Amino acid sequence: MSATTRRLTTAQALVRFLSAQYTERDGVRRRLIAGTWGIFGHGNVAGVGQALVEYADVMPYHQGRNEQAMVHAAVGHARQLNRLSAQAVTTSIGPGATNLVTGAALATINRLPVLLLPGDYFASRVADPLLQQLEHPVEADVSVNDTLRPVSRYFDRVTRPEALIPSALNAVRVLADPAETGAVTLALPQDVQAEAYDWPEEFFADRVWSVRRPAPDPAELAAAVAAVRAARRPLVVAGGGIHHSEAEEALRAFVDATGIPVASTQAGKGSLRHDHPADLGGIGHTGTAVSDELARTADLVIGVGTRYSDFTTASGTLFQNPDVRFLNLNITGFDAHKLAARTLVCDARTGLEQLAGALAGHRVEPSYEAEYRSGKERWDRVVEAAYHVADDTAVPTQTQVLGALDAVVGDEDVVINAAGSLPGDLHKLWRARSPRQYHLEYGYSCMGYEIPAALGVQQAAPGTPVWALVGDGTYLMNPTEIVTAVQENLPVNLVLVQNHGYASIGGLSESVGAERFGTAYRHRAADGTFTGAPLPVDLAANAASLGMDVLRARTVRELRSALAEARASGRPTCVYVETDPAPTAPPAEAWWDVPVAEVSAREAAVEARARYDSEVAGRRRHL
């Protein structure tokens with residue numbers, strides 16, 4: 001080895017390179033790849049696995065149980081740290097690699113960075129076919145890792161050692177770029193991982209990636225200012241970009257100065273504290289009455305850091321003012337141009353600060369402020385009613401579970417959820433007290449996200465009380481990272497809600513004429529029919545068998561006590577509660593488009609189609 005090169009395997013070089021990458025924003029430097037999750041098999045055990053042993057002093061390793069779950073954990077970590085730090089995930093070839101696809105899609109849809117390092121087939125083709133190889137009859141260079149291409153923001157297969165240099169640099173460039181970030185995949189043929197090469201020393205030098213805060217174009221800013229000044233009923237829709245940019249204080253200052261109210265997407269909830277007079281709560285299909293009422297009459301919708309999913313827009317039926325126009329402040333032009341909007345392509349914090357400065361002295365009419373504040377007060381009473389407990393010896397409802405948790409958590413706690421009926425209840429009812437308290441993954445609405453994401457959040461914020469809210473359906477899909485929490489002594493709290501079926505999809509099924517088919521957990525009798533008796537499945541015992549401390553709560557009173565005990569514990573703890581399955585959350589305030597059978601011999605479907613035709617007539621194309 002000369003003075004300017006270092007002889008290492010490709011895998012060793014990659015691990016050493018990743019350990020020297022940093023992000024910097026506002027003068028604060030963070031390590032870009034804070035650690036690596038891994039499950040080893042042929043394809044990565046002799047390459048990346050050996051390299052992680054070689055460089056254990058500079059690259060922390062975390063042992064996972066499920067490949068998809070490892071990606072979820074890395075995503076939770078990245079979101080908690082506002083995308084300024086990420087984690088890597090390494091897997092074997094074959095099923096280990098394809099198990100990454102769901103997690104990769106979740107990361108990319110939510111614009112969150114994660115680095116995927118799946119093993120791949122021999123680049124030299126000396127062993128062909130090998131164990132777990134998919135043989136394509138006309139494309140010999142295709143491997144199962146190609147399933148990661150459409151869900152990755154950057155993908156490369158490193159077929160020679162020296163090809164790692166440009167590939168690794170491009171990978172971290174995308175991970176650190178707020179306008180491009182998402183899942184990044186470097187597929188690593190197992191023979192190339194173990195092959196040695198003389199690497200230039202400069203490749204391993206500390207490298208800092210500046211996370212930009214681009215300012216708005218002056219012409220765009222001037223047009224935006226004119227649009228806001230002309231509006232009589234403006235409404236801000238706060239998305240996840242507020243949090244990623246750490247723009248919460250800029251948003252509060254903008255709102256305090258202008259009086260413009262704020263409604264939040266699932267990713268943006270907590271952008272304002274719940275008790276701020278201009279915070280109207282969630283918007284869209286799972287939104288509050290006051291948010292959706294104002295959205296229907298808004299003449300200017302100011303989207304900040306949102307991608308306008310169908311839940312936010314109520315499938316194109318929410319913004320009904322004939323004269324409504326959109327102003328979108330987003331770091332990506334792709335999202336800024338949605339709904340034929342005027343655009344401010346810039347960083348959320350920088351854009352809000354400049355917009356507020358240019359609007360100095362402008363404020364909405366007092367009557368408009370009085371209107372939305374009155375609506376907020378009415379909705380606060382709805383929340384109190386949903387949380388109210390008349391008899392604390394009774395079996396709790398799901399909304400009473402949220403009320404009990406609301407009474408226990410502090411401002412610093414993080415509450416995580418993703419799929420099922422809980423996201424809707426949380427979006428409507430949860431009182432977010434800090435920017436990071438409300439952690440909902442609803443871009444992909446992925447069952448099984450909550451428990452591993454809680455691990456990632458706990459790693460990113462040691463000492464922070466972290467709560468994973470999990471229904472029985474989600475728990476049965478992905479409980480395995482409980483073992484990892486126990487192994488790594490991560491004191492996450494799991495609130496396991498048992499209602500013996502898929503509550504959200506059961507309600508949806510009923511509303512679209514599918515009669516709750518296949519959505520409950522019931523016994524099949526000898527004659528093939530299903531009985532009403534619940535299955536004798538003890539999820540609490542399962543959690544205990546995986547190493548968690550388990551507290552069973554049968555009543556509201558016991559639930560309150562168990563939640564307080566879990567929060568004070570220094571161990572991974574599960575609070576298990578069976579709930580009254582009757583829905584108690586306020587009904588949806590806006591529509592969501594799930595197409596209904598156009599023809600059917602069943603009365604439920606015919607009635608559902610009539611309702612569907614009535615609702616879909618309200619859809620608008622904003623051009």
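Predicted model: local features only at pLDDT ≥ 70, side-chain atom pairs only at ≥ 80, totals over all residues.

User: Where does Ala348 sit?

Analyst: Ala348 is in helix α14, which covers residues 348–358. Helices (H or I, at least four residues) and strands (E, at least two) are DSSP runs, numbered from the N terminus.

User: And is Ala348 buried or exposed?

Analyst: Ala348 counts as buried because its relative accessibility is 7%; buried means under 20% relative accessible area, exposed means over 50%, and partly exposed is in between, using a 1.4 Å probe and protein chains only.

User: How far is Ala348 from Arg207?

Analyst: Their C-alpha atoms are separated by 26 Å, and the two residues are 141 residues apart along the chain.

User: OK, what about Val158, what does that touch?

Analyst: Not counting residues up to four places away in sequence, Val158 touches Ala163, Leu164, Ser167, Ala187, Leu188, Pro189 and Val192. Val158 lies in the loop between β8 and α6 (164–176), and it counts as buried because its relative accessibility is 0%.

User: Switching topic, how do α3 and α5 cross?

Analyst: The axes of α3 and helix α5 (residues 101–109) come within 7 Å and cross at roughly 20 degrees, where axes are lines fitted to C-alpha atoms, for helices over the stretch in contact, and angles run from 0 to 180 degrees between N-to-C directions. The two helices α3 and α5 are therefore roughly parallel to each other; angles under 35 degrees count as roughly parallel, over 145 as roughly antiparallel, 65 to 115 as roughly perpendicular and the rest as oblique.

User: Which residues make that contact?

Analyst: From α3 there are Gln68, Val71, His72 and Val75, and from α5 there are Thr102, Gly103, Ala104, Leu106 and Ala107. These residues divide into 5 nonpolar, 4 polar and no charged, with Ala, Val, Leu, Ile, Met, Phe, Trp, Tyr, Cys and Pro counted as nonpolar, Asp, Glu, Lys and Arg as charged, and the others, Gly among them, as polar.

User: What about α16 and α17, how do they cross?

Analyst: The axes of helix α16 (residues 398–408) and helix α17 (residues 422–429) come within 11 Å and cross at roughly 55 degrees, and α16 and α17 are therefore oblique to each other. In this pair, Gln398, Thr399 and Leu402 of α16 meet Leu422, Asp425, Leu426 and Leu429 of α17, and by class the contact has 4 nonpolar, 2 polar and 1 charged residues.

User: Now the backbone: what is the peptide bond from Asp128 to Pro129 like?

Analyst: That bond is cis, with omega near 0 degrees, and Pro129 is placed in the loop between β7 (114–120) and β8 (154–157). As background, most residues other than glycine have a negative phi, and most peptide bonds are trans.

User: What is the phi of Asn82, then?

Analyst: Phi of Asn82 is near 55 degrees, a positive value in a residue other than glycine. Asn82 lies in the loop between α3 (67–80) and β6 (86–91), and it is buried because its relative accessible area is 13%. Asn489 also has a positive phi, of about 55 degrees, although it is not a glycine, but Asn489 counts as partly exposed because its relative accessibility is 49%.

User: Last one, how many disulfides are there?

Analyst: A search of the whole structure finds 0 disulfides, a disulfide being a pair of cysteine sulfur atoms within 2.5 Å.

Notes:
Residues numbered from 1 in each chain as written. Heavy atoms only, no water. Contact = heavy atoms within 4.5 Å.
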